[in-house]
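Welcome, and thanks for opening the viewer. Could you walk me through this structure, stop by stop, telling me what to select and what is there?

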Amino acid sequence: MDNVIAVYSATGNSLSLAKKIEGGSIYLIEKILDNSSPLPEKIGKLGIVFPVYCFGLPYPVLRFIRECLSKRDNSDIGYIYAIATYSKVPLTALADLETELTGIGCALSYGASVKMPIAYVPFRKEAVGEIETLATLNKVQNKIGHIISDINEEKLEIPSRGIMRRMIRA
């Protein structure tokens, strides 16, 4: 059975992160949705890697779950993990993903978020400097190492459904 990593990436941060996960076959969500790269029939482990959009899930990830995962037999998937990349706050993205997966009869086993350098110019008055970017990337490398270790050990860690999520998504 395959270790499949479904990736949605706009600027390349999420794809770059997914490539660091050894032993996984990367499938771009856009290509899964247009049927040019369908998922394998047997999936033992499924990863979903995506950027946080407006504090939640990007629409292509929602479509992937609702139009692809919901229409297949997922009983062979023993472990589902998700990694969300963000620049400001991940807020409810992982909890929203868990809700979507639960809605189609799947369960999120592990969820983590990784802060990446800010690429969205309106959040800043000036471009991100090289020193700041390198410092952020150094922290990213350390965190990714821990996340990959957790995934390889099939650690169970689901996102919290804290007060902020209940206030925003009520």
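Start by selecting Glu100, which is buried, with a relative accessible area of 17%. The model you are looking at is predicted. Arg66 is partly exposed, with a relative accessible area of 44%.

**Along helix H3**

**A link across the chain**

Next, pick Glu154 and Lys45, another pair whose side chains meet in a salt bridge, this one 3.7 Å from N to O. Glu154 is in the loop between helix H5 (130–152) and helix H6 (163–169), while Lys45 is in strand E3, 109 residues apart. Glu154 counts as partly exposed at 40% relative accessibility, whereas Lys45 is buried, with a relative accessible area of 13%. In total, the model has 4 salt bridges.

**The sheet**

Lys45 has brought you to strand E3, so now colour the strands, because strands of a sheet pair through backbone hydrogen bonds. In which order do the 5 strands stand in the open sheet? Reading across, the order is E2-E1-E3-E4-E5, and the pairing is parallel. Strand E2 (25–28) and strand E5 (110–115) stand at the edges, each with a single partner strand, so one side of each has no neighbour in the sheet. From one strand to the next, the twist averages 20°.

Zoom in on E1 and E3, which pair in the parallel sense over 6 bridges. Select Ile5 and you will find its bridge partner in E3, Gly47. Then show helix H4 (residues 93–103), which packs on the sheet and touches E3, E4 and E5. The direction of helix H4 makes about 140° with that of E3.

**Aromatic pairs**

How many aromatic pairs are there? The count comes to 2. For one of them, select Tyr8 and Tyr53: the ring centres are 6.0 Å apart and the planes are at 75°, so the pair is edge-to-face. Tyr8 lies in the loop between strand E1 (2–7) and helix H1 (13–18), and Tyr53 in the loop between strand E3 (43–51) and H3, so the pair ties together parts that are 45 residues apart in sequence. Tyr8 counts as buried at 12% relative accessibility, but Tyr53 counts as partly exposed at 32%. Tyr79 and Tyr81 form a tilted pair, 6.1 Å centre to centre with 40° between the planes. Both Tyr79 and Tyr81 are buried.

**Gly78 and the cysteines**

Now select Gly78, in the loop between helix H3 (59–68) and strand E4 (79–86). Is Gly78 buried or exposed? Gly78 is exposed, with a relative accessible area of 61%. Leaving aside neighbours within four places in sequence, Gly78 is in contact with Gly44 and Ser109. Gly78 and Gly44 are 34 residues apart in sequence, yet 5.5 Å apart in space, C-alpha to C-alpha.

For a last stop, select Cys68, buried at 17% relative accessibility, and Cys106, buried at 10%. The model has 0 disulfides.

Conventions:
Residues numbered from 1 in each chain as written. Predicted model: local features only at pLDDT ≥ 70, side-chain atom pairs only at ≥ 80, totals over all residues. Heavy atoms only, no water. Disulfide = S-S within 2.5 Å. Buried < 20%, exposed > 50% of the residue type's maximum accessible area, 1.4 Å probe, protein only. Helix = DSSP H or I, 4+ residues; strand = E, 2+ residues; numbered from the N terminus. Contact = heavy atoms within 4.5 Å. Phe/Tyr/Trp six-rings, centres within 6.5 Å; stacked < 30°, edge-to-face > 60°. Pairing = 2+ DSSP bridges. Axes fitted to C-alpha atoms, helices over the stretch in contact; angles between N-to-C directions.
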